[in-house]
Amino acid sequence: MSLKKSILLIVILLLIDQISKIYIKTNFALHENVEVFSWFKIYFIENDGMAWGGTKISDFVSFIDDRSAKIALTLFRVFAIFGIGYWLVDATKKQSSKILITAIALIFSGALGNIIDSVFYGVLFEDSMNQVASFLPEAGGYDSLLHGKVVDMLYFPLFQINLPQWLPLYGGQRFNFFEPVFNVADMAISTGFLMLIVFNKKAFSKD
């Protein structure tokens, strides 16, 4: 796959990701949801965590507060995207396998999609708590640059079961599969990494 085709794939995925997020942000209040099927809902949540809805750096490093941790995470993502971009350009120059280039492009587009939320959404949108947010509000956004929250909306509660009582720690609790709420960018990143794992030999072939 050429660099031009990779960029086209990135642009298409980025547009789908951002259009879906902007639509949800400007049409749903926080935690509002619509049932599409019994196993699929559009469920609006926001998170400033590392992945899949809420883990924070401050959960692991006690001496850093949430806002400092948020800036550190956002800056890390920004630096990481440059590394992924260099990897993509290098892979296309070396005419690496189509699987490898596609996987890198997916990871790049997903990472960039969530970076846009983290960097800009706090400035561009109102807070969504108990209201539908407006774009570019006169009073300003809900937070400052680098403190935006990532918009998630895809929720697949495929089935629920009661865990057996004998199970340690979680016995007797209700288990919901699949619990995380995610977005198109998360899907792109996960698909890219899955391709690298499943098709590892083809992606990193010696040829």
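A residue is called buried when its relative accessible area is under 20%, exposed when that area is over 50%, and partly exposed in between, using a 1.4 Å probe and protein chains only. The structure is a predicted model, in which local features need pLDDT of at least 70 and side-chain atom pairs count only at pLDDT 80 or more, while totals for chains, interfaces and linings use all residues. Residues are numbered from 1 along each chain as its sequence is written, and side-chain values use heavy atoms, with hydrogens and water left out.

The chain holds five helices and six strands, where helices (H or I, at least four residues) and strands (E, at least two) are DSSP runs numbered from the N terminus. Read from the N terminus, the order of elements is α-β-β-α-α-β-β-β-β-α-α. The C-alpha trace spans about 55 × 55 × 40 Å along its principal axes. Of the 207 residues, 39% count as buried. The chain exposes about 12200 Å², of which carbon and sulfur atoms supply 66%; accessible areas come from the Shrake-Rupley method with a 1.4 Å probe, and for residues only the protein chains shown count as cover. With contact meaning heavy atoms within 4.5 Å, residues 24 or more positions apart account for 65% of the contacts with a separation of 6 or more.

In soluble globular proteins, nonpolar side chains tend to be buried together. A nonpolar core is here a set of buried Ala, Val, Leu, Ile, Met, Phe, Trp, Tyr and Cys residues joined through side-chain atoms within 4.5 Å. The largest such core has 21 residues, and Ile84, Leu88, Leu100, Ile104 and Leu196 touch the most other members. Helix H1 (3–27), H2, H3 and helix H4 (184–198) are the elements that give two or more residues to this core, and H3 gives the most, with 11 residues. Ile84 is in contact with Ile104, Ile107, Phe108 and Ala111, leaving aside its neighbours within four places in sequence. Apart from this core lies another, of 13 residues, including Phe44, Phe125, Val151 and Leu154.

Aromatic rings come next. Rings of Phe, Tyr and Trp (its six-membered ring) pair if their centres lie within 6.5 Å, and planes under 30 degrees apart count as stacked, over 60 as edge-to-face and the rest as tilted. The whole structure contains 13 aromatic pairs. Tyr23 and Phe28 form an edge-to-face pair, at 6.5 Å centre to centre and 65° between the planes; Phe28 is buried, with a relative accessible area of 8%. The rings of Phe125 and Phe135 are tilted, because their centres are 5.3 Å apart and their planes stand at 55°. Both residues sit in the loop between H3 and strand S3 (150–155), 10 residues apart. Phe135 is partly exposed, with a relative accessible area of 45%.

One aromatic cluster is formed by Phe37, Trp39, Phe40, Phe156, Phe159, Phe175, Phe177, Phe178 and Phe182. Phe156 lies in the loop between S3 and strand S4 (159–162) and is partly exposed, with a relative accessible area of 23%. Not counting residues up to four places away in sequence, Phe156 touches Trp39, Phe40, Phe177, Phe178 and Phe182.

Finally, Ser97 is placed in the loop between helix H2 (66–93) and helix H3 (98–124). A polar atom of the Ser97 side chain lies 3.2 Å from the backbone oxygen of Lys202. Beyond its neighbours within four places in sequence, Ser97 is in contact with Lys202 and Ala203.

How values were computed:
A polar contact is a pair of N or O atoms within 3.5 Å; within protein, one must be able to donate a hydrogen and the other to accept it, and residues adjacent in sequence count only if both atoms are side-chain atoms.
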